[in-house]
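Biologist: Hello! I would like to get to know this structure by asking what the words used for it rest on. Could you take me through them?

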Amino acid sequence: MKQFKVAACLFLAGASTVVTPAPVLARSATPPSAPSLTSATVRDASALKCQNRSIKSRANGKYVSAELGYGKTDSRYGMLRARATGVGPWEKFRICYNGRNYTIQSQHNGKYVSAELGYGTSDSRYGMLRARAASAGTWERFFISSCGTGCVLIKAANLKYVAAELGYGKTDHRYGMLRGRTPDVSYKIGPWERFSVQ
């Protein structure tokens, strides 16, 4: 099995690293025009220790897709959903670690995954993950930690765990939608918050 050392952490296929969350920075609803890190650092795979991976929901056994079939002005464009039975172009992501947190980038459209935090917290789109950012700002930072062998938890910039929304009907476009919405308390973490990175 190929192993990839990242700082003091070990990043394996099907497993992940424990990362201490950094403080959340304030951010407006408008995506930033420039990355938080220098452009050279963001683009340099050797500086960010990048790996190409797929993400799978352990709750429904489906791979996470970036929904790129919608028009680019549609709010659903790039939405991440656990709904694919196999890995195709939409299910391939580049996951990079910078020593504190991770970025997730769609390999197909080249966009960074954002947690949509500009909606009100009672809106069903609040915290929705979308591959739509040209650069990595606050909303594009994630924390990935282990929840056992082959199991990872993903925390968004709002410090909420990402869940695959499996309560919708399977024909609903929101079925399997990934959202950063589960509080950071162990008794709230259930099957919907568990993923594998392969």
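Modeller: Gladly, and let us begin with one word: a residue is called buried when its relative accessible area is under 20%. This is a predicted model, and 50% of the 198 residues of the chain count as buried.

Biologist: Thanks! What helices and strands does the chain have?

Modeller: There are two helices and 15 strands in the chain. The accessible surface of the chain comes to about 9,200 Å², and carbon and sulfur atoms hold 51% of that surface.

Biologist: Why is Met128 called buried?

Modeller: The relative accessible area of Met128 is 2%. The cut-off is under 20%, so Met128, at 2%, counts as buried. Met128 belongs to strand E10, residues 128-133.

Biologist: Which residues does Met128 touch, not counting residues up to four places away in sequence?

Modeller: Leaving those out, Met128 touches Ser75, Met79, Ser114, Ala115, Glu116, Met177, Leu178 and Arg179. What makes a contact is a pair of heavy atoms within 4.5 Å.

Biologist: Why does Gln105 count as buried?

Modeller: Gln105 has a relative accessible area of 18%. Buried means under 20%, so the value of 18% places Gln105 among the buried residues. Gln105 sits in strand E8, residues 102-106, and its contacts beyond four places in sequence include Phe93 and Tyr112.

Biologist: And why is Leu159 called partly exposed?

Modeller: Leu159 has a relative accessibility of 30%. Buried is under 20% and exposed is over 50%, so Leu159, at 30%, falls in between and is partly exposed. Leu159 lies in the loop between strand E12 (152-155) and strand E13 (161-165). Its phi is positive, about 65°, although Leu159 is not a glycine.

Biologist: How do you know that strands E5 and E6 pair?

Modeller: Strands pair if DSSP finds at least two bridges between them. Five bridges join E5 (residues 63-67) to E6, so the two count as paired. The strands run antiparallel, and Val64 stands opposite Ala82 in E6.

Biologist: What makes strand E6 mostly covered?

Modeller: Strand E6 spans residues 79-84, and five of its six residues are buried.

Biologist: How do you know that Cys50 and Cys96 form a disulfide?

Modeller: Their sulfur atoms are 2.0 Å apart. A disulfide needs a pair of cysteine sulfur atoms within 2.5 Å, so Cys50 and Cys96 qualify. The pair links distant parts of the chain: Cys50 is in strand E3 (residues 50-53) and Cys96 in strand E7 (residues 93-97), 46 residues apart. The link is right-handed, with 110° about the S-S bond. Cys50 is buried at 14% relative accessibility, and Cys96 is buried at 6%.

Biologist: How many disulfides are there by this rule?

Modeller: The count comes to two. Cys147 and Cys151 form a disulfide with sulfur atoms 1.9 Å apart.

Biologist: Why is the disulfide of Cys147 and Cys151 called left-handed?

Modeller: The torsion about its S-S bond is about -85°, so the disulfide is left-handed. Cys147 is partly exposed, at 23%, whereas Cys151 is buried, at 2%. With the bonded cysteines numbered in sequence order, the pairing reads 1-2, 3-4.

Conventions. Residues numbered from 1 in each chain as written. Predicted model: local features only at pLDDT ≥ 70, side-chain atom pairs only at ≥ 80, totals over all residues. Heavy atoms only, no water. Helix = DSSP H or I, 4+ residues; strand = E, 2+ residues; numbered from the N terminus. Buried < 20%, exposed > 50% of the residue type's maximum accessible area, 1.4 Å probe, protein only. Areas by Shrake-Rupley, 256 points an atom, 1.4 Å probe, with all protein chains shown as cover.
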